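Q: Please take a close look at one part of this model for me, in one go. Spell out the cut-offs along the way.

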Amino acid sequence: MTAEPPPESDPRDSVRTRVLVVGAGIMGSGIAAQCALADYSVTLVDVTEELARRGSENAARALEHAVRKGAVLPGAREAALARIDVGIGLRRAESAQIIVEAAPENLEVKRELFGELEGVAPAGAMFASNTSSLPITSIGEKLRDPGRLVGVHFFNPVLQMPLVEVIPGHTTRPEVVERARAFAARLGKTVITSKDTPGFVTTRALAVLVNEAAWMLYEGVATQEDIDSAYKLGFHHPMGPFELVDLVGIDTAVAILDVLWDGFRDSRYRACPLLRTMVSAHQLGRKTGQGFYRYPTGGPR
Ligand SMILES: NC(=O)c1ccc[n+]([C@@H]2O[C@H](COP(=O)([O-])OP(=O)(O)OC[C@H]3O[C@@H](n4cnc5c(N)ncnc54)[C@H](O)[C@@H]3O)[C@@H](O)[C@H]2O)c1
């Protein structure tokens, strides 16, 4: 990540192109910060003013963290923050050329959102979904122009993770795929491309890892601390699976496993009951202050 945006690859995405980020949660706030750093004008929207405001505070916190790590200059952070605007509703899509959807991992929610966006956004606006597992073709099923929709899958925390997975749907136009790649490159990311199958490349790998760890804990094979240590010290993973799923959100992990189960009907993807119980108990990880570990202030455990 750098303070300077990489060279422009697509003239339609020139400086001050407006990006609308829909959903100001864990991912939307990071995507907004990353786009603002790359000199885009950003609007971050959620369903309530309070959620949108919280999203922009999280974006500010992520930028602050990047400054502390030396990845972003303080001046670049200030300039980026000034380019992020928050609000509610989708009317702001009127002036957006790139729309990134980061709403919950729910097919109906995403279909409905893009359906509404199609009625508001300019015909040339690119529709990008940050879904981590849902088939892009299925998200675009009800669109009049599904060719403008592409999967642009960021990783958490967005400012720190160098990868973006681009997923063309069955009918995504090749120029939209190229535009998605150019957008990710301008954000300083390395792009991989995956076919439109449930979970793509990365989420399929992640789901099995997290689910297996949860099953081991459920069966009493070892404690969660020891299982985390096994992955970190035995395989050089930077985080253990329970630390990771607390960061991702346990509700999101269960939603992903359900999509993989629906798509493949393979028992590898049968969500461990422990994960479901934690969702029912609203212990969703860092975002609720309690997951496999406790996060009293939403920070490190
Ligand atoms: N959490 C991760 O680590 C991660 C990583 C990569 C991709 N993803 C994907 O990113 C997407 C978002 O995940 P998240 O973890 O940020 O979820 P989240 O629950 O933190 O945030 C989702 C936000 O969307 C908002 N929202 C719901 N309906 C909306 C609407 N109609 N209009 C505007 N906002 C709306 C919610 O209020 C919430 O603030 C999901 O598709 C998820 O699979 C998540």
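A: Start with an open, mixed sheet of 8 strands, in the order β3-β2-β1-β4-β5-β6-β7-β8. Its edges are β3 (84-88) and β8 (190-193), each pairing on one side only, and the twist averages 25 degrees from one strand to the next. Strands here are DSSP E runs of at least two residues, helices are H or I runs of at least four, and both are numbered from the N terminus; pairing takes at least two DSSP bridges between two strands.

A caveat: this is a predicted model, where local features need pLDDT of at least 70 and side-chain atom pairs 80 or more, while totals for chains, interfaces and linings use all residues. Numbering runs from 1 along each chain as its sequence is written.

Now zoom in on β1 (residues 18-22), which runs parallel to β2 (residues 41-46) and is joined to β2 by 5 bridges. Val21 sits opposite Leu44 of β2. Lying across β1, β2, β3 and β4 (98-101) is helix α1 (residues 26-37), at about 170 degrees to β2. Contact means C-beta atoms, placed from the backbone, within 7 Å; angles (0 to 180 degrees) compare N-to-C directions of lines fitted to C-alpha atoms, for helices over the stretch in contact.

Note on methods
Two residues are in contact if their C-beta atoms, placed from the backbone, lie within 7 Å.
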